[in-house]
Amino acid sequence: MTELPGETTRKLGLVIDLDTCVGCHACVISCKGWNTENYGAPLSDQDAYGEEPTGTFLNRVHSYEVQPDIGPAQLIHFPKSCLHCEDAPCVTVCPTGASYKRVEDGIVLVNETDCIGCGLCAWACPYGAREMDGAEKVMKKCTLCVDRIYNENLPEEDREPACVRTCPAGARYFGDFADPESNVSRLTRERGGIELMPEQGTRPVNRYLPPRAKDRMAETQTPQLESVGADLPGFLGWLDRALDRL
Amino acid sequence: MNPAASVIAFTSLSGLGFGLLFWLGLGFPAVTGWVAFVFFALAYLLSVGGLLASTFHLGHPERAFKAFTQWKTSWLSREAWTSVATLLVMAAFGAGLVFAGIALAPIGWLGAALSLLTVFTTSMIYSQLRTVPRWHQPLTPVLFLSLSLSGGALLAGMTSVAPWLLVVAGVIQCLHWWRGDQALASSGTTLATATGLGEIGTVRSFEPPHTGGNYLTREMIYVVGRKHARKLRVIALLLMVFLPAVLLLLPFSHALAALAVISHLTGVITSRWLFFAEAEHVVGLYYGKRT
Ligand code: SF4
Ligand code: SF4
């Protein structure tokens, strides 16, 4: 049913540390790798080796330049996937009940055998977290690796989303936001985790940790070199004047 | 947003068809027998044709019946119900007129009310989306309803009221464009709120996630043709409102009436194309496309 649960028992989600992410796109690849061969339809590519390659991804990394009032610009890599919103507009618009939010852990999923591929849920998501697969014509989105996190066939350390498991920089954390003492709740508290587009009223679960304040480069730089004046002494001065006269 | 031909055809044609059904349900024109059959056939061709066109837009049309299940939350599901209910009720009313020559007035009124409700549910599919500020305004349902009512009156041959309804629809269309042009800016959603990085400084998209396009850029970040928007708005108004209204005020002839209908339909399609092509989805901010 596309009615949202009033409250979910747990609120599983991700914390993404924008201070640490190096923009390597490893999470993008591991996500595609895991999800193309597990839950639901594969993540297809079209014209993969041709002129206009395109394909389905559940996680994509943007890069933004932020120019503070003082100091140099900063480059911030910005991975983006479904934020498993508490007031998920993508769920309530769905006419078939294919999109739903789980009561037990808050994960937002698509039941692909019910999806008619109308695309309305992708229109309703402000974050661009849903993509219609070009081959299967059903809606694909991040499942928070629901087929890993509870999977007892995997070794304990692999029971977390593929992106989190793979991130070489340790910029991604997975946990339960309903538990105030979980890793993700503490990180959000301590580092001032941000909510994306709060004005859209979606109440996203995932949080982004803003980059830490940077060192003030200007204060630690070597003093600028003395400017080379017009009246140089000695040979260089003579050369300068001679060249001027030419 | 990508102005898909199937969705433009659906909303334009079925809007007209349900508009005509509304007037027929109220007994305008009061027709029976073969003449009633022709009017009802036209209304059903438009409304059912539009609905069929909309299923072409689906990835899995064979599962379309599942769209009836979520009427509690989904406007698309509600539209499925109201449109089928309207078509059934109006079929009963039409059968009375065509075969028995009697007008079952209460059934007609019910059908008329359902016709408007159908157009309203269609408009709410767009108007509910906070992600598309241009659509997320109360004027969107008003626009759809006024176009449907005036186009229906035109098709029903109501030469006395149709010109004025067309003018009203034209005014609402202009207001919708005017409010729509400010909607994204006044929605408060910017690249700063989208990334949460506005606290640090001015945010600019430095590099997209990939060099090619994707479903999102094709479906929601459509920008082709915007540069002609002003001209197209004028063309839409002329064809949709001005020309048909003038043609209806001239001494009546079937040729002029047909011309008025064709002009109106072309104008509505132009307006609907703009409705989609000009709509800015906030996800475009992430791709640096909305500044
Ligand atoms: S991020 Fe988008 S797809 Fe995910 S729950 Fe929120 S609105 Fe739905
Ligand atoms: S595309 Fe599928 S999941 Fe999305 S709203 Fe339509 S039926 Fe529901």
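Mentor: Let's start with a word we'll need: contact means heavy atoms within 4.5 Å. Keep in mind, too, that this is a predicted model.

Trainee: Okay, let me try that on one residue. Which residues does S54(B) touch, leaving out those up to four places away in sequence?

Mentor: Leaving those neighbours aside, S54(B) touches S6(B) and F10(B).

Trainee: And where is S54(B) placed?

Mentor: You'll find S54(B) in helix 2 of chain B. Look at its side chain as well: a polar atom there lies 2.6 Å from the backbone oxygen of L51(B).

Trainee: Let's zoom out. How is chain B divided into domains?

Mentor: Residues 1-128 make up domain 1 of chain B, and residues 136-291 make up domain 2. Taken over C-alpha atoms, the centres of these two domains of chain B are 22 Å apart. Their contact takes 29 residues from domain 1 of chain B and 30 residues from domain 2 of chain B.

Trainee: How do I read the area buried between domain 1 and domain 2 of chain B?

Mentor: Ask how much there is, and which atoms give it. Between domain 1 and domain 2 of chain B, about 2600 Å² is buried, and 76% of that comes from carbon and sulfur atoms. On the domain 1 side of chain B, M1(B), L16(B) and W23(B) lose the most area to domain 2, together 29% of what that side buries.

Trainee: What about salt bridges and polar contacts across that interface?

Mentor: The count of salt bridges between domain 1 and domain 2 of chain B is 0. For polar contact, the rule finds 9 residue pairs across the interface of these two domains of chain B, with both residues at pLDDT 80 or more.

Trainee: Which elements give two or more residues to the domain 1 side of chain B that touches domain 2?

Mentor: They are helix 1 (5-25), helix 2 (33-56) and helix 4 (105-127) of chain B. Helix 1 of chain B gives the most to that side, with 12 residues. By class, the domain 1 side of chain B that touches domain 2 has 20 nonpolar, 9 polar and no charged residues.

Trainee: Now the ligands. Which residues come nearest to ligand 1?

Mentor: Out of 13 residues around ligand 1, the nearest are C82(A), L83(A), C85(A), C90(A) and C125(A). The shell around ligand 1 has 10 nonpolar, 1 polar and 2 charged residues.

Trainee: And which residues are around ligand 2?

Mentor: Among them are C94(A), C115(A), C118(A), C121(A) and M139(A). Sorted by class, the shell around ligand 2 has 8 nonpolar, 4 polar and no charged residues.

Key. Residues numbered from 1 in each chain as written. Chains lettered and ligands numbered in written order. Predicted model: local features only at pLDDT ≥ 70, side-chain atom pairs only at ≥ 80, totals over all residues. Heavy atoms only, no water. Near = heavy atom within 4 Å. Nonpolar A, V, L, I, M, F, W, Y, C, P; charged D, E, K, R; others polar. Domains from an automatic or database assignment. Buried area = accessible area lost by both parts, 1.4 Å probe. Salt bridge = Lys/Arg side-chain N within 4 Å of Asp/Glu carboxyl O. Polar contact = N/O pair within 3.5 Å; in protein donor to acceptor, adjacent residues only side chain to side chain. Helix = DSSP H or I, 4+ residues; strand = E, 2+ residues; numbered from the N terminus.
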